[in-house]
Amino acid sequence: MTPVSDIGTLAETYDLVVVGAGPAGLSAAARAAELGLAVLLADENPAPGGQIYRSVTTTPVKNRAILGEDYWRGADLVARFERSLATYAPRCTVWSLSPDETAPGTFELGLSLDGKARIIGARQVILATGAQERPFPIPGWTLPGVMTAGAAQIALKSAGAIPAGRTVIAGCGPLLYLLAGQLAAAGCQIAAVLDTTPSANWSKALGALPGFLRSPYLAKGLKLMMAARRKLRFVSGVTSLTATGEGKLASVQFEQGGRTGTIACDTLLLHQGVMPSVNFSNAAGCAHDFDVEQHAFVPRVDAWFVSSVPGIAIAGDGAGIGGAESAALRGEIAAFDVGRRLGKLDEAERDRQAAPIRVELEKRLHGRRFLDLLYKPAPQFLSPPKDETIVCRCEEVTAGQIRDAARRLGVTGPNQMKAFLRCGMGPCQGRLCGPTVVELIAETRGTTPAETGYYRLRPPVKPVTLAELAALPQTEASVKAVVR
Amino acid sequence: MFRPIADRIASGELRFTFDGTPMTARAGDTVAAALLVNGIVACRETPVSDTPRAPYCLMGVCFDCLVVIDGIGNRQGCLVPLAEGMQIETQHGRRHLEDIRS
């Protein structure tokens with residue numbers, strides 16, 4: 001692996017550009033390089049690992065027991081990538097992906113590193129942009145002191161830091177229990193874990209139980225949950241949450257089976273599961289479908305994880321949540337097909353080499369359906385019932401405003417909603433309001449998220465300065481576009 | 001708001017300022033992490049209502065950790081590694097007419 005810190009030293013073009021250095025991206029880049037392709041792996045973070053293996057080679061956490069053995073397994077993925085001949089650009093933001101009109105069938109990517117931008121060519125692209133936490137809009141979730149559970153985990157992994165005062169963890173999903181255990185082991189003062197898993201989900205998930213019983217999640221999940229329940233104040237069946245405070249968080253109120261409670265706290269960590277991060281694939285023009293069981297928009301991909309745009313594959317959780325181990329395997333499979341498309345191996349050889357990986361993948365995905373069904377968020381956390389709840393954090397648009405516009409103005413979808421309320425038009429580009437806006441419109445109009453559709457996103461998908469754009473080398477086409 | 005865990009592997013300390021106040025943080029931390037372990041409650045005010053915000057996701061998604069770094073605004077604090085001598089400032093909301101007059 002060759003690390004790059006000066007964007008000027010990147011080649012003009014690569015056989016394959018992989019975006020994102022989580023498990024899927026690391027495996028895809030390593031495998032493609034092993035197949036003899038010229039590979040660039042570009043990633044926003046300073047070190048490889050993505051979020052799940054964040055800082056696995058650089059973490060200041062000395063005691064390995066705090067983060068658990070699953071985390072340290074990421075070091076093997078990084079080591080394999082480091083042995084490969086791929087080029088690695090950390091701290092590099094990819095802000096656009098479009099077809100290269102001068103060379104049909106290939107792509108152009110806009111990259112920025114250290115305040116300098118470049119347009120790089122790619123014959124094939126693998127997006128391994130992973131997952132983000134599902135938005136969890138409750139009254140007061142914009143107060144300083146309220147963060148996502150993932151944020152606390154990132155602070156622990158990358159900076160060896162934990163919330164300083166009384167901490168409440170609220171929501172549902174496997175990460176919630178994992179984080180509770182990790183923070184407790186690191187010495188954090190956890191005042192309570194407020195579990196919002198709807199009890200009705202258990203009966204829905206039971207049908208998928210046989211798969212789960214054969215899955216590697218079972219032992220792991222039970223251990224996490226039992227440890228969290230044994231050691232911590234654990235409140236299950238929570239149906240409502242409100243964060244309050246003046247200028248910063250002071251307490252969290254909750255409802256559980258008709259009773260209410262208030263817990264004074266300095267930090268509230270929210271988690272309502274993870275969903276594919278679709279901004280990049282959406283802006284690149286890839287088709288997405290609403291997956292009812294994962295309750296999220298998911299890019300449409302084939303058996304080799306190629307999207308509806310030929311030449312762009314989407315590997316890992318970005319193409320549907322399957323977890324870290326499945327992400328690494330999916331990255332590998334996607335890379336084999338890139339190798340075939342670029343003539344490094346024929347179809348039979350691709351199938352032969354990918355077969356054992358597919359068997360592994362099948363095993364890893366056992367039990368996923370059970371988790372999806374069990375931890376599907378309760379309706380009141382998908383579409384906030386209280387009108388004053390902020391939905392679009394950037395433009396401070398509330399649930400009441402969105403419901404009102406959908407009802408009185410007859411707004412049918414999230415793109416039209418932008419024109420009325422500006423929701424989704426702030427710096428996060430809809431990442432934290434999109435799913436909720438869709439949900440509220442669908443609920444108000446009596447339709448489904450699938451029928452309501454999602455934001456149409458546009459590059460740049462990440463901020464890029466005017467100076468960076470202005471300093472890009474001019475082409476004949478770009479001059480002709482503005483000179484009359 | 002955040003504190004280092006008990007047995008953290010030591011690395012060099014970097015000096016920086018936040019709104020002019022000198023502070024230090026561990027080399028390797030991001031700007032957002034450095035502010036959190038220094039007890040900074042809010043790093044920006046919103047353009048809509050001037051309410052304070054703090055880092056929310058720490059993974060580049062939410063844009064609530066926006067700060068001014070060495071004079072350049074709208075930087076995502078969670079993605080920028082801290083560097084020696086950095087001058088970090090609160091990102092205030094949108095420009096008001098009275099700011100421009102003065």
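Mentor: Let us begin with burial: a residue is buried if 20 or more other C-beta atoms lie within 10 Å of its own, and exposed if 12 or fewer do. Please keep in mind throughout that this is a predicted model.

Trainee: How many of the 484 residues of chain A count as buried?

Mentor: In chain A, 55% of the 484 residues count as buried. The chain holds 20 helices and 23 strands, and its radius of gyration is 23 Å, close to the 23 Å that the globule rule gives for 484 residues, so chain A is as compact as a globular protein of that length.

Trainee: Which domains does the assignment give for chain A?

Mentor: The assignment gives domain 1 (2-132 + 275-345), domain 2 (135-272) and domain 3 (383-452). Between the centres of domain 1 and domain 2 of chain A, taken over C-alpha atoms, there are 29 Å, and ten residues of domain 1 are in contact with ten residues of domain 2. On the side of domain 1 that touches domain 2, five residues are nonpolar, four are polar and one is charged.

Trainee: Is strand β16 of chain A buried or largely in the open?

Mentor: Strand β16 (residues 259-264) of chain A has six residues, of which the number buried is zero, so the strand lies largely in the open. Strand β15 (residues 251-256) runs antiparallel to β16(A), and six bridges join the two, with A:R259 as the bridge partner of A:Q256. In their hairpin, which has two residues between the strands, A:G257 takes a positive phi near 50°.

Terms used:
Residues are numbered from 1 along each chain as its sequence is written. Chains are lettered from A and ligands numbered from 1 in the order in which they are written. This is a predicted model: local features need pLDDT of at least 70, side-chain atom pairs count only at pLDDT 80 or more; totals for chains, interfaces and linings use all residues. Domain bounds come from an automatic or database domain assignment. Two residues are in contact if their C-beta atoms, placed from the backbone, lie within 7 Å. Ala, Val, Leu, Ile, Met, Phe, Trp, Tyr, Cys and Pro count as nonpolar, Asp, Glu, Lys and Arg as charged, and the others, Gly among them, as polar. Helices (H or I, at least four residues) and strands (E, at least two) are DSSP runs, numbered from the N terminus. The radius of gyration is taken over C-alpha atoms; the globule rule is 2.2 Å times the number of residues to the power 0.38. Two strands pair if DSSP finds at least two bridges between them.
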